[in-house]
Amino acid sequence: MVTGMNLFSRIVVAGVMILMLFPPQIKATEYDYIDISNPFLRKIPLAIPWFKDMSEANAGSILSVQLPDTLSETLAFTGYFKMLDRKSFLMDPKNPDIIATHINFRNWTAIGAELLITGGVWVTDGQMETELRLFDTFKEKLIIGKRYKGSIENTQGMIRRFCGEVMHHLTGHRGFFNSQIAFLSHREGNKEIFICDYDGSRPTRFTRHNSITLFPSWSSDGSWLAYTSYAKGKPNLYIRNIKENDVTTLSRKGIQITPSWFPGKFELAATLSFSGDQEIYLLTGGGKIIKRLTTSRGIDVEPTWSPDGKQMAFVSKRSGTPQIYIQNIASGRVRRLTFEGRYNTQPDWSPKGDKIAYSAMAGGNINIYTIDVDEGQFSQLTENQGDNEAPSWSPDGSLIAFTSNREGRSRIYVMTAFGTDQRRLIFLPGEQTNPKWSPNVIVK
Amino acid sequence: MIGHSAEQKLLMLAFTVSLICHIALFSILIYAQTHRPKQRPAPEVMNVSLVSMPEYVAPSQPAKKATISSPSKKTGKPAPVKKKAAVLKKTAPKAAKKKTSLKKKTFRSEKVKKNTLKKLEQKVETSASDRISKAIDQIKSKVSREKPEKPIQPSTPKKVATGTPRGTGQVSGGKLVEIIDIYRVEIAYQVQRNWAFPDQLAEGRSDLQTLLVFKVMPNGEIKDLFFTDRSGNSHFDESAFRAVMKANPVDPHPKSVSEPYVQMGLRFTPEGIQ
């Protein structure tokens, strides 16, 4: 009996073990996927309704219209957003709901808005306070909520700060809303350096040499500009403070051109020819030579630093034609980066470090390209629109400013890092060239 | 002692049974592996898009030669083929690959348009009609693999259901499967039209992939939406998720479909970017 039970239990166990060999047929969830590889809209649909005037006696009624417009323009400049037409909004424009509990998010998702920015404004005695909120309309969630207080004159500063927050949420960078652009303005045979805001507004003259001035370069704290001027007959290097009247000039013979500040230090690289050959040297901000960087015969110019300062790209004619090379500063090893074409110049290393923008001539026209530093894969960003040259990255690496003669005269344009959204940036009489984007800092 | 030998016998029996079962199991597994239908054959989807794009169907009928020579159609059709060729060229291993950027805003758009038109016209003129049909075949195979890049006129399900699919003829799955597939492509298109994603947020990566699965109820309502794979880029994933949410509700099921729901899978990739 005991054996029988044993036998039975053993058979059961064996049976179970055999059954376990056949796992229950888990239906592999295989779905038929249809590919979607082309976003219909390459921007994020964003809605910014009029702000709510919370002040007494409608003191903020003008600002409640002005602020959202400024905000709209500032964010649209980034190329990331599609601003939705206020006429399509399903809400009372006079009485906007600005906090999450009151907002009917379905009214926003219905018109396609993925992000929503609401604002409230208080005005009292020349002082202004504003509350700005960024919402994800699908998650019905507040992403950023900020309150700014200040004088009415500084509304733009507040809006730019909030835009910096929005960009930080999206990209991890604070954008470029505090940056400036130095450029050359050609007038009456002279070229002088001008400085304007990132969006081309408020251009002011920076140099008054009444001569040819070239190659502006920003220090990484944004407080110094180095440039070359022919004011004393030959191309001399000037290192000048933005705010104070503090100028250093180099007193060596030969040409002194194409300065480029070392990241994070009061040092810069520049091409000097006192030895008889154009070589790149590392200098102190005071103009003293630290060391010679290039040692090849022939022209070595236009240095640009990788963001970590470990590598330097530059243009050299050592192989016969102007090409871009990269030098490792510690080892001194040099490798050629560009192989396509016979003319590749004006390199500018991206703030992210992965790409270099440059100008290349092909088919009689100069155009802007970006090249992958490691893989050497390049993309053409401009074409069929005259000559495009002198690219300069925005401090967050999302935009590129450049010179183009697509409308006849040389002027300054801006585009995204992928070549989209090309538009004119600076509206001044005469010709403007060679933009240089500053770091994203407010210089005090 | 007797009990012991019986026990041994039983053990042997169990061993034999187990061995047979193992062999059976592995042969089943191997058989299943080699004979598992991988995916629904492509031609089903292929027909779908051709139906919703009548202008692509026309040249496959030799009687309509006249339409091929009309300049407006000339420029329209070979374009995707050219693009395809460019894509192929791009993937060729090279020390340095050339890419052309996307431009939304062209300043001398007129000039560019004229140049492109001229080029295309030359191309079309030199190409014989067999080349065109070859091109159409290429489009077909492309369409079968991915959604058409150019927005097509969205056809209503009713129209799709009544329209007789032309081209390679009937497919094995029968008409219902075909209608459901047409419907699924239509839904995918409706989602694509709602997909907004800025180039810059891909940070130059073209290997992002997000897989979303959901059910479409008979009234067009989208239910049980979830990720089966994420790209690792939260902006990309969210943009895909939002695209489906924004498309909800999609068109209701075609009349001839009486399924409780239609299962959908969408693969989002930023290939179109660059």
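Q: Which residue forms a salt bridge with A:R147, and how far apart are the closest N and O atoms?
A: In this predicted model, A:R147 forms a salt bridge with A:E131, and the closest N and O atoms are 2.5 Å apart. The pair links distant parts of the chain, with A:R147 in strand 7 (residues 141-151) and A:E131 in strand 6 (residues 127-136) of chain A, 16 residues apart.

Q: And are those two buried or exposed?
A: A:R147 counts as partly exposed, because its relative accessibility is 47%, whereas A:E131, at 14%, counts as buried.

Q: What ring does the charged end of A:R147 sit over?
A: The charged end of A:R147 sits over the ring of A:W122, at 5.0 Å from the ring centre. In chain B, B:K215 lies over the face of B:Y261, 4.9 Å from the centre of that ring.

Q: Which residues do salt bridges with shared partners join into one network?
A: That network is made up of A:E114, A:D136 and A:K139, together with B:E238, B:R242 and B:K246.

Q: Switching to aromatics, how many pairs are there over all chains?
A: There are 24 aromatic pairs over all chains. In one of them, the rings of A:F77 and A:F176 have centres 5.8 Å apart and planes at 70°, so the pair is edge-to-face. A:F77 lies in helix 2 (residues 63-77) and A:F176 in the loop between helix 4 (155-171) and strand 8 (180-187) of chain A, so parts 99 residues apart in sequence are tied together.

Q: How does A:F77 sit against A:Y198?
A: The ring centres of A:F77 and A:Y198 are 5.3 Å apart and the planes are at 75°, so this pair is edge-to-face as well. The two residues are 121 residues apart, with A:Y198 in the loop between strand 9 (190-197) and strand 10 (204-205) of chain A, and both A:F77 and A:Y198 are buried.

Q: Which residues do ring pairs link into a cluster with A:F77?
A: Ring pairs link A:F77 with A:F176, A:F177, A:Y198 and A:W437 into a cluster.

Methods. Residues numbered from 1 in each chain as written. Chains lettered and ligands numbered in written order. Predicted model: local features only at pLDDT ≥ 70, side-chain atom pairs only at ≥ 80, totals over all residues. Heavy atoms only, no water. Phe/Tyr/Trp six-rings, centres within 6.5 Å; stacked < 30°, edge-to-face > 60°. Helix = DSSP H or I, 4+ residues; strand = E, 2+ residues; numbered from the N terminus. Buried < 20%, exposed > 50% of the residue type's maximum accessible area, 1.4 Å probe, protein only. Lys NZ or Arg CZ within 6 Å of the ring centre and 35° of its normal. Salt bridge = Lys/Arg side-chain N within 4 Å of Asp/Glu carboxyl O.
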